[in-house]
Structure formats: structure tokens, C-alpha cells
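Try each task before reading its solution.

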Amino acid sequence: TGRVTCISWTSDGYALAAGWELGWSVWSVYGRLGSWSVRGGLESGYGVEGERSESFEDHFMMGVRDLFWGPGNLELFVLCPPPVHPKKKPHDEQLFVIPFAKSAVTALHTPDNTKHAFLQMDDRVLVYRGADQPDMSVINPESDVWQHIKIPAAYIALHHPIRYAVISNDARLIAVAGRRGLTHYNALSGRWKLFEVEKEEDAFRVVGGMAWWSNVLIVTCLDQGVYQIRLFSRDRPLTISESLEVVPLDSEPLLLSVFDSSLLVYTADNTFHHFLIRQTKSGARLRACGSIGFEGVVADPTKVRGMSWLVPKSQQRFGDPADDLNVATIIFLINGKLVLLRPRRSAHEEVKYDLQILADRIEFYWTHLSGIGTLENSLWGWDGTQIRVWLDALTIERVKVDEKRDAYESVTESVGIHVDFYPLAVLMDKGIIVGVDQETSLRRSLDFAIFRIITTTHLFLHHVLRFHLTRNQRKEAVQFASHYQNLVYFAHALEILLHAVLEDEADARPTRPATPIANGAAVVPAPAPEDENAVLPRVVEFLDHFDEALQVVVGCARKTEVARWSFLFDVVGKPRDLFEAGYTLSSKCISAGFLKVAASYLLVLHNLEPLEQSSKDTVRLLKVCMAAGEWTLCRELLRFLYSLDRSGLILRTALSEGEFSWSNRIPFHFLKPCFTKHMHCPQAISPHQLPQCLAPCPLLPLYYQCSTRRQRVHPSRHLLPRVANHEGLSIDHLPCP
């Protein structure tokens, strides 16, 4: 990289740009690397895709002399040294402008902005729509899940840069505000609404932020020198006279948040205001319920970046909403510190707040007050490296008072989730964390670099499940997992859980004499029965509550080292018993899912038991598959039989056994799909004819010969001379792929 030539912070303090002699980089405030480039990487291909063109013109990728952020922190101005071309004359320094996208949470930390992945650019906003798509589309990185919404050019021309962007709870309504005025958007109609009177727009400035409540936009603003809270209806014209209500404020508003029907406003005089939002015929009204001063608690109000609260369930059900402020736990993000302010009444009925710092170096956080299972009342914070989760941080009923310290007991961090991207939102109903990363591509035909935003996801289910199982909370783990068992990737999440616990406990076990298995590999011994802290047995007991247990175990076994199989199966059970369970289930219900699971156990048994037994198990399963009409799986089983003995003896013996009692005829196409596509043949042949057809050459030698040849083969002359004699079956030729 060379020496550092320059650095520049964004005006909001969320990002740092650094220039080097041989490159540049952009970092988040607590160390997450975003964009970067170095000259050596361009030459070697490290960190980029493709090869650089000989006429490459993006010279800022190879060294920076100076840089600074533009207004709005969405453009980085970079000055690079004069380029040196062997065929061109030298010229002066070059100035580049690099566009960026940032999370809307950096400017406006509201519950709705943290709920949705919502990005802000210089002339548009990007809304993540993957939450509305099927499960597989969510986890597919190639899915088109971002909606680009262009901000009206007329508004940007007058009020650039965009300072605030906010989205509604259902992601249907959007509002943005620049230097003056504001404009809002309806995703259903695809239309923006602007101020109708230009003078009113010029006199109106958003200060503190905005939030949607139903179809009402709540704005804290400065209008003609007076700080106010204004309510605008999406269905009415955007003018000052059409405001639903105006509430004056004594001090500059710094933050606002909406929770259910409560509006929270924090002002520069260190005052926390609570308003109730009431639905009326004309739209909505505000009712002031109270305020609390935090002098002595919050040293500098301007350093508060986020604000939320939690109202106890008893108060929500039986209390007066106007009294919520007296019993609510307030959460602040102050200069990177995640702070909880817990109310406690003294003997004189005065409310006293206990300040507790949960974590430091937090960039932003999410609160999930109505989450699924144990995620209800959970708190999630991103510290630049991992997502830290407090599952019980907001459950007031479970927090006790420490009489010796005269304060509440500390709430420890429950789960730490390391991710290799920048997280934006948590899809609670999908069990996924959504974030973004950057990809840089080069093309020999292009003289510039291509930057692309990559959508990335991470499952969090196994982290929460392991937390419960480590504490022997099996009931809570089962209840939590039951909310997600209909997801397509639920079995995959359970497999990750089992694999992670298996690897950790196998590595942590003290070395003991190894036990050899059929193929001669050494295996790790199972956990000792007296080890009460072992999590693996608890995971196995937990898996027994779900139908995917057999699939999860064999999937984990096939993805881990053979040396760990004994460690796993001594806890899970003998693989022979698991195969018999899968075989029994597949025989009873003829389910394709159980058939595939039973087939997966054949590979495990092949490594643990003699060859003769493996072939018998395969033949048993082959009968059930043929009875169920699972011809694709039958073909795979035949391939497995041939892999056990390349001479084809086991395959021919299995197919010629007299125990097969098939009432139907075997579709000829299951042997090789291209047979029926390229040849004229009957719909089926009898089971007794199949061994005769394969007598000169087993099935899979034919398959592999066909897949490696490019010319056309005449089976009647070489491979299958008897086929043409069976029930009028004629084969003219066999094209090969």
C-alpha cells in the first residue's frame, strides 16, 4: 500500500476514507472494511475479478494524493498523481468522483429504517424487496432483490444533498428531505409528491428526522424560526396549510422514533418527550403525555445517535398508554455506547433511572419487541466485527434488583454472530441477516473498473438454538425452532448447528486411543458419559423433535471428516440403526424424502461395514425405489452398485436376483435419459429382460462410454446386441453427448 497520504472522515463520523501511495480504502467507524484497491492487487488479480486493460484510466485505483467527502457523504473526491503512459505525454493530476451508497440508518436511526435494508444514494434510494420473495430467492445472491427509486430531479436540483431518508413499516411509503422541504413516494402508485408552493418549501427545513405512522408522515422541522412537529397526510396535497397538526417545541429536535401509537422525541435541551398518536377522521392527532430531563445522565445530547424503548407487557395490557413513560426502559446509542436506562421507583414514588452500558463500539442497533419465540424483546448491535445479541436485555420481568449495589443486575450478551459483510437488516420471519458487500471487476475491453453491490445473507437460527442448548433449555429451543420448520432451508440450519457443535467438541476433547474403522481411518472418541456439559447429546435430543433428524445427521456426516464419524455416531446412534429407520420409513410411506435419506446412509455404511453388506443394503433400497417409481434414484443406486465393483458382477447379480417382485414394467428411460430421447424404444421392458440386456456389458460402463465419446455408437454391433431382440425394441443409433 505504501505510506498513508491522506485521510478524511464523513461529516456524520460513520466512515473513514484513507489514501495510500499505491491505493485507497474506506472503513466504517469501528473497522469494517468497505471499498479498497491497491496497485499490486490490480496486477495480480487479488481482490478483483478479471484482468486490467492496457489502456486502464481509473488511476485512483493505484494511488491517491488527496481526497475528501462531498456534501451528503455520498461522493468521494479523489486526486491522484499524474499517470505515466509509455505511449502518451505526461499531464497534470486527475480528479475523480466516486459515488457511494450508505445505509439510511446513518442519518436517521428509526425502527422502520433498521427493520428494512434501505440504502441511500446521491440521486436515488434502494429498497430491499427480498423479504417478499420465496425463501430460495432470499438466500440466492444472484436474485434481483433491490428496487431502485429515483428521486425527482426537480427536487434534487434545488435541495441537494439528500439529508434524510425514511421508509414506512410495510416498506410501501418513502420520504426524503434535502436542504429544504421534503418529498414522499408511494410504491403502489410509483409517484412522488412535492410541495405545491415553492416559497413554503424554501421556508421549511427538516431537523431531527421523519417517521411514518400508517399513511401519516411525522416531521420535526424548523419553520420560520420555530421548531415544530408537523403531521402530513399522504392522501392530501403537500402544503403547510394541509398539515394535520402542528406542535411547537422549546428546543431543537435531535431524534424521533415511533413505536406502535407512541411518538418519542429527544431535544437538544436533554429532554425526552412522549406523545400519543390518535387516529381521527381527518387523519391523526398528537397528545402530549409527559417528558423527562436527562441532565446528569446524558452528558452531550448531540452525541445520541439512536433511541427506543420497551413498555412492559402488564402496562400494555392493563395500563394507561399515557403512563408508559413512567415504566418504560429507554435505550440510547450514545457515541458508540449502547445504554439502557431502567426505571425504578423509590420509596417516595419518584422514578429513578439506573444507567447500564451494555456494549461499546456499536455502530447501530436493532430492537425486536415483537419477535418470534425467544427473539421477542431482543436487542441486536453491530460493532464492526460481529452482531451482538441480547435475547433477554429488554425482558424486564426477568431482571432482578441487586440490593447490595442498589441497581439492576447486569444483562450479559447472549450470542455473538460473526459476519463477513456489512449487515443492514434482520429478517425475523426468514431467520436471516441481510447485508451487502462490494465486488470490483475489470475487463480487458474496458478502460475503467466496475463496482457492484453484492447482497449477502447469513442464517442466525443455529446461533440462537445453540445458546439455548448450551444452557440446557431444550423446551425453549424446540419452541423457537418450530416457528421456522416450514422454511426450505430449515434442515440446512439444523445441519449447521450439528456440524458446528461436533467440530468444536471433537477438537476440545482430550486425546485418547483412537479406534480404527473399516477403511483404516482413526476416529475421535465420543464424549464421556460423565461429561454433563457436553452440548452434542443435547443437540441430538433436540433434533429428535423434528422429522428432518435423519437427514440432518447423514448430511453432517458426509460433510465432516471420516475420522469424526465414530464421535458423532456414538452419540447419535449406530449408522446401521439410522439406515434401518430411514429404510423402514421409506418402505411404509414411500416418501421420496426418506428414500433419499436412506440412500445417503449407504455411503456411511460403505465406509464402516464390509462390501458385501453394502451391496445387500443397496439392493433392498433399490426394490423400494422401484416400487415407488423413483427412477432417478434407482439410476443413482445402480451407479453406486457399479462403483463398488467395476467389473459389473455385483450389479448384474443384484438385478438378476429372483426376489424382485415387481408388478409393473420398468421404464426403459430410467437407465439413461438420452435413450428415449434419441432412439425408438418401447415404453417399458420386463424386469427379467433387464439382466439379459445388460449381460454383455453392465449398465454403467455403457453410461461412461457414452459420456466420453464424441462419435455415434451402434449398440446393436458392440454394446447391446440382445436389446433388439426383446419385444421388438429397435435401436438405430445412440448419439453421445
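**Exercise 1.** Which element gives the most to the lining of the largest cavity?

*Solution.* The model is predicted: local features need pLDDT of at least 70, side-chain atom pairs count only at pLDDT 80 or more, and totals for chains, interfaces and linings use all residues. Residues are numbered from 1 along each chain as its sequence is written, and side-chain values use heavy atoms, without hydrogens and water.

Step 1: On a 1 Å grid over the protein atoms alone, a cavity is a set of points where a 1.4 Å probe fits but cannot get out; lining residues have an atom within 4 Å of a point. A volume is the space filled by probe spheres set on the points, which are joined across faces, edges and corners. Helices (H or I, at least four residues) and strands (E, at least two) are DSSP runs, numbered from the N terminus.

Step 2: list the lining. The largest cavity holds about 50 Å³. Its lining includes His109, Ser257, Met307 and Trp366.

Step 3: assign elements. H2, S24 and S28 each give two or more residues. S28 gives the most, with three.

**Exercise 2.** Into how many nonpolar, polar and charged residues does the lining of the largest cavity divide?

*Solution.* Sort by class: Ala, Val, Leu, Ile, Met, Phe, Trp, Tyr, Cys and Pro are nonpolar, Asp, Glu, Lys and Arg charged, the others, Gly among them, polar. The lining has four nonpolar, six polar and no charged residues.

**Exercise 3.** Describe the largest pocket, from volume to lining.

*Solution.* A pocket is an open set with protein on both sides within 12 Å along at least five of seven lines. The volume of the largest is about 1200 Å³. It is lined by 45 residues; Lys115, Asn169, Asp260, Leu369 and Ser370 lie nearest its centre. Helix H2 (111-115) gives the most, with four residues. By class, the lining has 21 nonpolar, 14 polar and ten charged residues.

**Exercise 4.** Is Leu355 buried, partly exposed or exposed?

*Solution.* Leu355 sits in strand S27 (residues 351-359). Buried means under 20% relative accessible area, exposed over 50%, partly exposed in between (1.4 Å probe, protein chains only). Leu355 is partly exposed because its relative accessibility is 45%.
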